[in-house]
Structure formats: structure tokens, C-alpha cells
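Q: Hi, could you walk me through this model? I'd like to talk about charges and surfaces.

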Amino acid sequence: MNERIKELLDEAQGSIDPMQQDANVFEKFAELIVKECAGIAAIYSEEGVEFNCGDAIKEHFGVEE
């Protein structure tokens, strides 16, 4: 697992009440990933350069096809 994904999972787990952790941690983890992806897309769109957002996100998270 990519280090950044591990960090986001740790953040999600730490922000949830342990008594309600099971379902909520997955929701929080997904929310953090979406926010991270949106941030990547925003950075690239501000540069005004034509790019493949999907490739940039995969590279950021270390995901290979």
C-alpha cells in the first residue's frame, strides 16, 4: 500500500469515535481520498496545462495500471 494511502487511513481511523469506528472509518477514508484527488486536479488545472488528471492521481498515490 502506498505511504500516502496509509497516512489517510491512519487519519481516518484517528478522527472517528472508536465505539462507532467500523462503518464510519470507511466513509471518512473515502472522503479523505476524494479531497486529495480534488486537490491534485485543482493544482493541475491552475497551471493551465493540458494533462491527464487520472494519470496524475494514479502517480500521486503510486498506483500502477
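Here is a short chat about salt bridges, a helix and a surface patch.

Q: What should I know before we start?
A: This is a predicted model, in which local features need pLDDT of at least 70, side-chain atom pairs count only at pLDDT 80 or more, and totals for chains, interfaces and linings use all residues. Residues are numbered from 1 along each chain as its sequence is written, and side-chain values use heavy atoms, with hydrogens and water left out.

Q: Okay, how many salt bridges does the structure hold?
A: There are 5, a salt bridge being a side-chain nitrogen of Lys or Arg within 4 Å of a carboxyl oxygen of Asp or Glu.

Q: Which residue does Glu-36 form a salt bridge with?
A: Its partner is Arg-4, and the closest N and O atoms are 2.9 Å apart. Glu-36 sits in helix α2 and Arg-4 in helix α1 (residues 3-14), so this pair ties together parts that are 32 residues apart in sequence. Helices here are DSSP runs (H or I, at least four residues), numbered from the N terminus.

Q: Is Glu-36 buried or exposed?
A: Glu-36 counts as buried because its relative accessibility is 15%. Arg-4, at 26%, counts as partly exposed. The cut-offs are under 20% relative accessible area for buried, over 50% for exposed and in between for partly exposed (1.4 Å probe, protein chains only).

Q: And what separates Lys-58 and Asp-55 in helix α3?
A: About one helical turn, because they are 3 residues apart in α3. Lys-58 is partly exposed at 26% relative accessibility, and Asp-55 is partly exposed at 39%.

Q: Staying with α3, which of its residues are buried?
A: In helix α3 (residues 53-61) they are Ala-56, Ile-57 and Phe-61. They cover an arc of only 125 degrees around the axis, which puts them on the same side of α3. That arc is taken from the directions from the helix axis to the C-beta atoms.

Q: New topic: which residues form the nonpolar patch on the surface?
A: Ile-43, Tyr-44 and Phe-51, with about 250 Å² of accessible area together. Patches are made of residues with over 30% relative accessible area and no salt bridge, with like charges joined within 9 Å and nonpolar side chains (Val, Leu, Ile, Met, Phe, Trp, Tyr) within 5 Å. Areas come from the Shrake-Rupley method with a 1.4 Å probe, and for residues only the protein chains shown count as cover.

Q: Where does Tyr-44 lie?
A: In helix α2 (residues 21-46). Tyr-44 counts as partly exposed because its relative accessibility is 31%.

Notes. Helices (H or I, at least four residues) and strands (E, at least two) are DSSP runs, numbered from the N terminus.
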